[in-house]
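I opened my notebook to record, entry by entry, what I looked up in this structure. The entries follow below.

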Amino acid sequence: MLIGVIAGLVGLSFGIFGVLAFRVSEQQRKLVDVEFDEPALPPGAAEVLAVVGRAFVVVDAIDGVVRASPAAYAFGLVRGHTVVHRQLLDMTAKVRRDGVILESQFELPRGPLGQGTIIVQVRAAMLGEEYILLLADDRTEITRTEEIRNDFVANVSHELKTPVGAISLLAEALESSADDEVAVRRFAQRMQKESKRLAALVQDIIELSRLQGASVAQQAHPVDINSVVTEAVDRSQLPAESKNISIVVGGRVDAMVYGDQDLLVTALRNLIDNAIRYSPENTRVGIGVRSKEGLVSISVTDQGEGMSPEDQERVFERFYRVDAARSRQTGGTGLGLSIVKHVISNHGGEVTLWSQPGQGSTFTIRLPEMEGQDDGDAPAAPATAALSNPPHSNDATGVHEQGASA
């Protein structure tokens, strides 16, 4: 009996101890929940931030991230619960100290690796009594567009000065040599050449400005690539005949593309004119057309001197010329390939370049075929006679010749 009583008292003691331990644990858990409860924003702030349409970060008194939008993480402003960039922390410190609203633009690294940057316009302000709100707007594309526009204006001004200055000097020389018939004729020919160069430059500038404002989606319609090639070749016959260069066309496609025919003709004509300009006399320019895997390809091959890898990387830049002195002699403005790239990009395609020094160059345009077309719907292209393939053009098959013989 004594042993039973002792065992009962021990069991009761353990029971009481367990109950007390459970109650203590409950009290501690409640204290922890209260201590680490999610910080509460001022009433209505969360709803406003949800529809503000900009990346935002809310930090507390020790710059811990209380809340941040997905865009803030995408921009690389926040990682985990930490504001990454020192510039943003300096803004929050000033706002916390002075109680004013600050706004600044920063160029910040996009991530921990690489050299990519993002330009953001950041506005910092107090949110309630203990929080600071950072609103960030991505200005990368706008800023770079403004830089490109400023560079374009500066380049245009520089390029226009050369022919305008030359015409002015030639006019003065012409006036002072009025009695010298030979000098007058020579200066007049030079003035005519500079005026043609100036007219070509102005025309290219107007064309590029028009293309930047044009909407292909609004003006697009089904286009037969064969007719584009035929029209572009016809427009290039005169400069080709002046150098006794034959334009050799190979292949045809039944597939249509969706776009603006006038713009596509302009782009292809620029490539053909460029090939004629840099090819020696008594040679040929090859044009190959084919359709493969949903893409229409047009290749333009010349027999010029070719380009180095360094020149190939920059050849599509505005006003860039591989040989500036030779470009002035041939009348090049440095805008033709920029126009080509802009037109083809607006049509959802690409233009690529293959070139080697001493072996000429091949520019290839690739455009997506129009979806939902039947093979029998494309208009027939003019019948042509087959000749030989142009040099190092993989796209030219069934070649036919248009223009002067080589």
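This is a predicted model: local features need pLDDT of at least 70, side-chain atom pairs count only at pLDDT 80 or more; totals for chains, interfaces and linings use all residues.

Is aspartate 273 buried or exposed? I looked up its relative accessible area, which is 17%, so aspartate 273 is buried, where buried means under 20% relative accessible area, exposed over 50%, and partly exposed in between, with a 1.4 Å probe and protein chains only. Residues are numbered from 1 along each chain as its sequence is written, and side-chain values use heavy atoms, with hydrogens and water left out.

**Entry on salt bridges**

I searched the whole structure and found 9 salt bridges, each being a side-chain nitrogen of Lys or Arg within 4 Å of a carboxyl oxygen of Asp or Glu. Side chains of opposite charge can pair when their charged atoms come close.

One of them joins the side chains of aspartate 273 and arginine 269, at 3.3 Å from N to O. Both residues lie in helix α10 (residues 261-278), 4 residues apart, which is about one turn of the helix; I noted that helices (H or I, at least four residues) and strands (E, at least two) are DSSP runs, numbered from the N terminus. Arginine 269 is partly exposed, with a relative accessible area of 23%.

I then looked at aspartate 63 and arginine 96, whose side chains meet in a salt bridge at 2.8 Å, N to O. Aspartate 63 sits in the loop between β1 (55-59) and β2 (65-68) and arginine 96 in helix α4 (residues 86-98), so this pair ties together parts that are 33 residues apart in sequence. Arginine 96 has 32% relative accessibility and therefore counts as partly exposed.

A further salt bridge is formed by the side chains of glutamate 103 and arginine 123, again written as 2.8 Å, N to O. This pair links distant parts of the chain, with glutamate 103 in strand β5 (residues 102-109) and arginine 123 in strand β6 (residues 117-127), 20 residues apart. Glutamate 103 is partly exposed at 42% relative accessible area, and arginine 123 is partly exposed at 35%.

**Entry on the open sheet**

I traced an open sheet of 5 strands in the order β2-β1-β7-β6-β5, with antiparallel pairing; two strands pair if DSSP finds at least two bridges between them. The edge strands are β2 and β5, each of which pairs on one side only.

Within this sheet, 8 bridges join β6 to strand β7 (residues 131-138), and the two run antiparallel. Valine 122 has alanine 136 in β7 as its bridge partner.

Strand β13 is joined by 6 bridges to strand β14 (residues 361-368), and they run antiparallel. The bridge partner of valine 351 in β14 is isoleucine 365. The hairpin of β13 and β14 has 5 residues between the strands, and there glycine 358 takes a positive phi near 85°.
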